[in-house]
Amino acid sequence: MSRETEEIRRKLFAGIRSGQETVFLAVVTEVNESDFTCQVRRDDLVNYFHVRLRGVIHPDLDGVAFIPRVGSKVLVCRIGNSNELFVCQFTEIDKIILTNGDTAFTLDPEKIELQRGDTRMRMDKEHTEFGKGEEVLFTTDGSQITLCQGDTTLLLDGDTISLDNAGKSTIDITGDEIEIRSGDSVVKLDSGGIHIEKGSSSVEVTANNAVMKSAGGTIQAGTAGIVLKGTTSLKDVLESLLQQLTLLSVSTAMGPSGPPLNAAAFTAIGTQLKACLEG
């Protein structure tokens with residue numbers, strides 16, 4: 001049935017009644033949120049269009065609008081003796097919309113939304129979110145919280161804290177463990193010690209031991225002393241040197257000299273080196 005036919009039917013129906021009622025009960029059949037109007041049906045016979053939900057039918061004006069639920073009953077009032085109608089009482093509200101300049105507030109059974117300029121806030125049954133423009137600055141779903149600023153993100157999730165700078169640098173904290181990454185550099189700290197990596201080189205420190213490794217060798221310092229390891233063992237080189245020193249002989253006018261008089265001292269030094277060096 002066309003809108004024009006409904007309008008003729010409404011006028012005929014109104015003419016049958018004695019006088020023109022200023023308030024009547026109707027059922028909401030359609031809502032237009034952009035114009036803040038609705039369509040209602042009276043006595044299951046007549047449809048009324050463009051029934052106002054705000055004082056003036058003008059979507060750009062500020063104000064408060066109660067959006068009725070489709071199928072709910074409302075009281076409709078007439079403006080003077082005109083054919084202009086507005087909803088004056090509601091039984092079920094589907095949404096509340098408030099606008100004031102660049103501020104907008106929307107409340108419905110599922111969520112709350114607030115926007116001022118390009119800054120917005122949204123809350124529903126599971127999430128809370130703050131944003132600016134297209135960017136989400138803060139969000140939480142009850143189990144974790146996320147904060148964002150440009151390419152930097154901070155995540156708090158139970159006993160875990162993570163900081164990420166565009167994937168270039170990260171910090172992760174879980175329980176008693178901390179891990180810091182930047183490119184190919186990694187620092188790990190936990191209750192057992194500290195571990196540092198850079199490419200093929202590393203440093204590991206525990207309560208009683210420290211080890212530094214690189215492509216050229218290893219230095220280890222612990223309760224047993226310092227251990228140096230490389231392509232050639234420093235210990236072997238020094239032991240060979242001491243051994244040759246104890247056998248040192250030089251030419252003289254009387255012939256080759258005998259062993260050094262302090263050969264025992266060299267032997268004692270060799271014993272000390274064994275206590276300091278391994279490998």
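Me: Ala166 first: is that residue buried or exposed, or something in between?
Reply: Something in between. This is a predicted model, and in it Ala166 has a relative accessible area of 41%, so the residue counts as partly exposed.

Me: Where does Ala166 lie?
Reply: In the loop between strand E15 (160-165) and strand E16 (169-174).

Me: And what about phi there, positive or negative?
Reply: Positive, about 55°, although Ala166 is not a glycine.

Me: Which loop holds Phe36, and what is phi for that residue?
Reply: Phe36 is in the loop between strand E1 (23-32) and strand E2 (37-42). Phi is near 60°, again a positive value in a residue other than glycine.

Me: Is Phe36 buried or exposed?
Reply: Buried. Relative accessibility is 8% for Phe36, and the cut-off for buried is under 20%.

Me: OK, salt bridges. How many does the structure hold?
Reply: Twelve. One of them joins the side chains of Lys95 and Glu33, with N to O at 3.2 Å.

Me: Where do those two sit in the chain?
Reply: Lys95 is in strand E7 and Glu33 is in the loop between E1 and E2. They are 62 residues apart, so this pair links distant parts of the chain.

Me: Which of the two is buried, and which is partly exposed?
Reply: Lys95 is buried at 15% relative accessible area, while Glu33 is partly exposed at 32%.

Me: What does Glu92 form a salt bridge with?
Reply: With Arg69, and the closest N and O atoms are 3.6 Å apart. Glu92 lies in the loop between strand E6 (85-90) and E7, and Arg69 in the loop between E4 and strand E5 (73-78), so the pair ties together parts 23 residues apart in sequence. Glu92 is partly exposed at 35% relative accessibility, and Arg69 is partly exposed at 32%.

Me: Which residues are linked with that pair in a network?
Reply: The network of salt bridges links Arg69, Glu92 and Asp94.

Me: And Lys132, which residue is its salt-bridge partner?
Reply: Asp118, with 3.1 Å between the closest N and O atoms. Lys132 is partly exposed at 41% relative accessibility, and Asp118 is partly exposed with a relative accessible area of 41%.

Me: What comes after that, on the E12 side?
Reply: E12 also pairs with strand E13 (residues 144-149), antiparallel, over three bridges. There Phe138 stands opposite Leu147. That hairpin has three residues between the strands, and Gly142 takes a positive phi near 95°.

Me: Back to E7. How many bridges does it make with E4, and how many with E8?
Reply: Six with E4 (residues 63-68), where E7 covers residues 93-100 and the pairing is antiparallel. Five bridges join E7 to strand E8 (residues 103-107), and those two run antiparallel.

Me: Changing topic: which residues form the negative surface patch?
Reply: Glu126, Asp141, Asp157 and Asp159. Asp157 lies in strand E14 (residues 152-157) and is partly exposed, with a relative accessible area of 31%.

Me: Last one, Ile57. Where is that residue found, and how far is Ile57 from Asp35 in space?
Reply: Ile57 is in the loop between strand E3 (46-52) and E4, and is partly exposed at 36% relative accessible area. C-alpha to C-alpha, Ile57 and Asp35 are 6.2 Å apart in space, and 22 residues apart in sequence.

Notes:
Residues numbered from 1 in each chain as written. Predicted model: local features only at pLDDT ≥ 70, side-chain atom pairs only at ≥ 80, totals over all residues. Heavy atoms only, no water. Helix = DSSP H or I, 4+ residues; strand = E, 2+ residues; numbered from the N terminus. Buried < 20%, exposed > 50% of the residue type's maximum accessible area, 1.4 Å probe, protein only. Pairing = 2+ DSSP bridges. Patch = residues over 30% accessible without salt bridge, like charges linked within 9 Å, V, L, I, M, F, W, Y side chains within 5 Å. Areas by Shrake-Rupley, 256 points an atom, 1.4 Å probe, with all protein chains shown as cover. Salt bridge = Lys/Arg side-chain N within 4 Å of Asp/Glu carboxyl O. Lys, Arg positive; Asp, Glu negative; His and termini not counted. Charge placed at Lys NZ, Arg CZ, Asp CG, Glu CD.
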